[in-house]
Amino acid sequence: MKVNSALAPRTYEKIYREVMLGGGHINSDMQQFLENDRKVLRFFSIMDDLATPQFERRPFLLLYFLADDKIEIREMYPLNCGR
């Protein structure tokens with residue numbers, strides 16, 4: 001059974017002709033974005049805040065976006081905490 005791929009393999013001749021025509025430069029950031037779009041790594045963490053008199057534990061959510069290598073840090077507030 002033959003399976004047709006959406007993208008044809010890039011041969012040396014094809015790359016050479018694209019460069020000669022003024023194109024063919026692969027944008028590695030765009031390739032990373034297209035391969036990893038909507039993929040996120042999620043980590044749960046806790047920070048022991050010893051600087052305050054209450055010595056509270058504060059939960060955080062760390063999100064690492066694979067598409068653009070960005071990190072988002074969210075503090076998870078408990079209900080009715082007043083923050």
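Does D48 count as buried, exposed or partly exposed, and at what relative accessibility? In this predicted model, local features need pLDDT of at least 70 and side-chain atom pairs count only at pLDDT 80 or more, whereas totals for chains, interfaces and linings use all residues. Residues are numbered from 1 along each chain as its sequence is written, and side-chain values use heavy atoms, with hydrogens and water left out.

D48 lies in strand β1, where strands (E, at least two residues) are DSSP runs numbered from the N terminus. With a relative accessibility of 43%, D48 counts as partly exposed, a class that falls between buried (under 20% relative accessible area) and exposed (over 50%), computed with a 1.4 Å probe on protein chains only. Beyond its neighbours within four places in sequence, D48 is in contact with E56 and R57, contact being defined as heavy atoms within 4.5 Å. The side chains of D48 and R57 make a polar contact at 2.9 Å, that is, a pair of N or O atoms within 3.5 Å, of which, within protein, one must be able to donate a hydrogen and the other to accept it, and residues adjacent in sequence count only if both atoms are side-chain atoms.

The surrounding arrangement is an open sheet of three strands in the order β1-β2-β3, with antiparallel pairing, two strands being paired if DSSP finds at least two bridges between them. Strands β1 (40-49) and β3 (70-75) form the edges, each pairing on one side only. Strand β2 (residues 56-65) is joined to β3 by six bridges, and F60 stands opposite E75 in β3.

Note on methods. Helix = DSSP H or I, 4+ residues; strand = E, 2+ residues; numbered from the N terminus.
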